[in-house]
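Me: I'm new to this one. Can you walk me through it?

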Amino acid sequence: MEPAVDGDLAAKTAANPAGTTFWLGPGTHTLGNDEFGQVVPKDGDVYLGAPGSVVDGRGVNRAAFTQRARNVEIRGLTVRGFAALQDQGVVNHDSGDGWLIENTTIEDNAGAGLMAGAGQVVRHSCLRDNGQYGLNAYQAGDGITGLVLEGNEITGNNTGDWEAKVPGCGCSGGAKFWAVNGADIRGNWVHGNHGAGLWADTNNNDFLVEDNLFEANDAEALFYETSYNLVLRGNTFRGNTLVQGRAFAARGDNFPVATVYLSESGGDPRVRARTSAVDISGNTFEDNWAGITLWENADRFCNSPANTSTGYCTKAAAKPSCAAGTIEQAPAYDDCRWKTQRVEVHGNTFRFDTGRVGCTSLCGRMALLSNYGTFPDWSPYKGTVIEEAITFHQANRWHDNSYSGPWTFVAHDTSKTVDAAGWQAKPYSQDECSSFGGGPAGC
């Protein structure tokens, strides 16, 4: 492709059959002055970039590679300067299946740098400084399976500060996942994102997150929300959640913000995956604002006004049963809630130095809690029902961990904070065989 010819890449893609390999020479390739200037690959097309090859939207074109071709490969390119709209992406704009993105840099775009489809592999690439997300793993119809992110750098995303722009939108992160069934996320460097590092939101399942470095993300390093069955192992978490933690502390908000935040998420044997639990093991946490929070909103369940995943229900429930007059009965009473359950936190190392973190209160906390249920008026989960369930009856267990530093523990609800001895004692009986002096765990 000739960088001197505006639109050459799009024109030659259209003129050639499926399965063509296109070589992009060094220089800046452009796609015309129309906002809908774009490349529309065919099945099996391959785009190879020479060193120094750039596809530049110049702040004019909305997307670079679009439509639903399968098994497209993009290697060695830099893609930048595209003006995607909110929640839309630049590369694989329409979430085609089977795409391979390798040794590619996607940077300085509005919206999401990259979308995802089923069987997509993103390897040895850099997703950086995009306006909303580095990756938005959403596909209409919720068909994403078998997603792989391996050996990438995901950094500096959400330059548009979307949570401030649209309060409560839940629309930012280094990478966001929605209803993805099966993801392997390994060996990535997720750092410096302006919000969460990785955010799995709503009916995700069967995630393996291992051997990653999460560093200096403003909010949660990993936020796993209304989702199922996770293995989180062998990762390093360093210096995360400082911006969010300080903001909460400054306004006197005592909610235990977390570096790893599980919100209405847990293991469920009925949802097929490589595990039937949330297993958090072998990770190192070093000088983050906080540790792990297990939370369940008593008012958030299928058909509740507090369910911000509008139109979605749990994977276990029949949605019509989650209503007044039926939700009180079995099995709806159990199945209509996204439960934080079957979570095991073990074999991890937690180090916390107040001087390095620079905090005086509301930091260095681990948490297992819910809120007092209040609405809607037909909710069967009012009062302390869910506080009791998550704390004592849903098989959530810490054990065999090693701690150093002045950790405290929030249990049952935000009003109850205990020290290590209180956390280990009844009624909580947590962190059996754990060490609180920096030494190795073990009984």
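Here is a quick tour by question and reply.

Me: What kind of model is it, and how are residues numbered?
Reply: This is a predicted model: local features need pLDDT of at least 70, side-chain atom pairs count only at pLDDT 80 or more, and totals for chains, interfaces and linings use all residues. Residues are numbered from 1 along each chain as its sequence is written, and side-chain values use heavy atoms, with hydrogens and water left out.

Me: What does UniProt list for residues 92-241?
Reply: An unreviewed UniProt entry lists "domain: Right handed beta helix" there. UniProt positions are given in the numbering used here, feature names are shortened, and annotations may be inferred rather than shown by experiment.

Me: How much helix and strand is in residues 92-241?
Reply: The chain there is 3% helix and 47% strand. The end C-alpha atoms are 30 Å apart. Helices (H or I, at least four residues) and strands (E, at least two) are DSSP runs, numbered from the N terminus.

Me: Pockets next. What volume does the largest pocket have?
Reply: About 1000 Å³. On a 1 Å grid over the protein atoms alone, a pocket is an open set of points where a 1.4 Å probe fits, with protein on both sides within 12 Å along at least five of seven lines. Lining residues have an atom within 4 Å of a point. Grid points are joined across faces, edges and corners, and a volume is the space filled by probe spheres set on the points.

Me: How does the lining of the largest pocket divide by class?
Reply: Into 19 nonpolar, 12 polar and 12 charged residues. Ala, Val, Leu, Ile, Met, Phe, Trp, Tyr, Cys and Pro count as nonpolar, Asp, Glu, Lys and Arg as charged, and the others, Gly among them, as polar.

Me: Back to H3. Which of its residues are buried?
Reply: Leu242, Gln244, Gly245 and Phe248, in a helix that covers residues 242-250. Buried means under 20% relative accessible area, exposed over 50%, partly exposed in between (1.4 Å probe, protein chains only).

Me: Why are they on the same side of H3?
Reply: Because they cover an arc of only 165° around the axis. The arc is that of the directions from the helix axis to the C-beta atoms.

Me: What do they pack against?
Reply: Helix H5 (354-357). Contact means heavy atoms within 4.5 Å.

Me: What follows H3?
Reply: Gly252, with a positive phi near 75°.

Me: New topic: H1. Which residues are buried there?
Reply: Asp8, Leu9 and Thr13, in a helix of residues 8-15. The buried residues of H1 fall within an arc of 130°, so they line one face. Ala14 and Ala15 are exposed on the face turned away from that side.

Me: What covers the buried residues of H1?
Reply: The cover includes strand S1 (21-24), strand S3 (46-49) and strand S4 (53-56).

Me: Last one. Where is Asn217?
Reply: In the loop between strand S21 (213-215) and S22. Asn217 counts as buried, at 1% relative accessibility. Leaving aside neighbours within four places in sequence, Asn217 is in contact with residues including Val190, His191 and Leu242.
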